[in-house]
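Here is a short briefing on one protein. Keep the sequence and the 3D view open as you read.

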Amino acid sequence: MNQRLKWVMVVFGMFYMSTQVYAQNREPLLPNTDSLKRAMAKQKAANKELAANMQFQYFVIKAANQTFGYNVYADGNLSLHQPTIPGIAGTIGFADTASAGRVARFAISKIKTGEIPPTITLQELKQLKVKVP
C-alpha cells in the first residue's frame with residue numbers, strides 16, 4: 001500500500017472511532033431542568049438560613065445628577081451597593097430618598113427569603129410606587 005492511502009485510512013479510522021465514541025455517550029450535555037430546580041431550591045434554602053442569623057441595615061446615598069441610591073449592610077459589612085434604580089436600563093438613580101428607602105427595604109426582604117442577588121422587577125418597582133423614568 002502506498003503511503004498516501006495509509007494516511008487516508010488512518011485519518012478516516014480516527015474520524016470513525018471518534019463518532020462512535022461520541023454516539024455511545026448517553027449522558028446529556030446539560031443537566032435536566034428538574035435537577036437545576038432542586039439545586040436552586042437547595043441554594044435558596046441555604047441562603048435563607050444564613051440570612052436569618054444576620055442583621056441588616058440600609059443607608060440612602062447620594063448618586064449622580066442629584067438622585068439617590070442605597071447601600072445594604074449585612075452584619076456591618078457592605079453587601080449591596082445600588083446607586084441606580086434596579087430593574088431598569090441605564091444609570092438613573094431614584095428621584096427621592098423615600099423611594100430609595102422603600103426599595104432598599106424590599107431588597108432586604110428578598111435577601112431574607114434566600115434570593116441572592118435580590119432581583120427587582122419593573123412591576124415590583126411600580127408596586128412600591130417608585131417613579132420610573
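The protein has 4 helices and 3 strands. This is a predicted model. Along the sequence, the elements follow the pattern α-α-β-β-β-α-α.

**The whole chain**

- The protein has 133 residues, and 26% of them are buried.
- Its accessible surface comes to about 10,100 Å². Carbon and sulfur atoms account for 60% of that surface.
- Take the contacts with a separation of 6 or more: 45% of them join residues 24 or more positions apart.

**The sheet**

- The 3 strands form an open sheet in the order β1-β2-β3, and the pairing is antiparallel.
- β1 (56-63) and β3 stand at the edges. Each has a single partner strand, so one side of each is left without a neighbour in the sheet.
- Neighbouring strands of this sheet are turned by 25° against each other on average, with direction ignored.

**β1 with β2**

- β1 and β2 run antiparallel and are joined by 8 bridges.
- Q57 stands opposite Y73 in β2. Y58 has V72 in β2 as its bridge partner.
- β1 and β2 form a hairpin with 3 residues between the strands. In this hairpin, N65 takes a positive phi near 55°.

**β2 with β3**

- β2 and β3 (residues 77-82) also run antiparallel, and 5 bridges join them.
- One place to look is A74, whose bridge partner in β3 is N77.
- β2 and β3 form a hairpin too, with 2 residues between them. D75 lies in the turn and has a positive phi of about 50°.

**The helix across the sheet**

- Which strands does α3 lie across? It lies across β1, β2 and β3.
- α3 runs at about 145° to β1.

**The nonpolar core**

- The largest nonpolar core holds 19 residues. Five members touch the most other members: F56, Y70, F94, V103 and L125.
- Which elements give two or more residues to this core? They are β2 (67-74) and α3 (97-112).
- The largest share of the core comes from α3, which gives 6 residues.
- Leaving out residues up to four places away in sequence, F56 touches A51, V72, Y73, A74, I108, I111 and K112.
- Two of these contacts return to pairs named above. V72 is the bridge partner of Y58, and Y73 stands opposite Q57. A third, A74, is the bridge partner of N77.

**A buried glutamate**

- E124 lies in helix α4, which covers residues 122-127.
- Is E124 buried or exposed? E124 is buried, because its relative accessible area is 15% and buried means under 20%.
- Which residues does E124 touch, not counting those up to four places away in sequence? The contacts are F106, K110 and T119.

Note on methods: Residues are numbered from 1 along each chain as its sequence is written. This is a predicted model: local features need pLDDT of at least 70, side-chain atom pairs count only at pLDDT 80 or more; totals for chains, interfaces and linings use all residues. Side-chain values use heavy atoms; hydrogens and water are left out. A nonpolar core is a set of buried Ala, Val, Leu, Ile, Met, Phe, Trp, Tyr and Cys residues joined through side-chain atoms within 4.5 Å. Buried means under 20% relative accessible area, exposed over 50%, partly exposed in between (1.4 Å probe, protein chains only). Contact means heavy atoms within 4.5 Å. Accessible areas come from the Shrake-Rupley method with a 1.4 Å probe; for residues, only the protein chains shown count as cover. Two strands pair if DSSP finds at least two bridges between them. Axes are lines fitted to C-alpha atoms, for helices over the stretch in contact, and angles run from 0 to 180 degrees between N-to-C directions.
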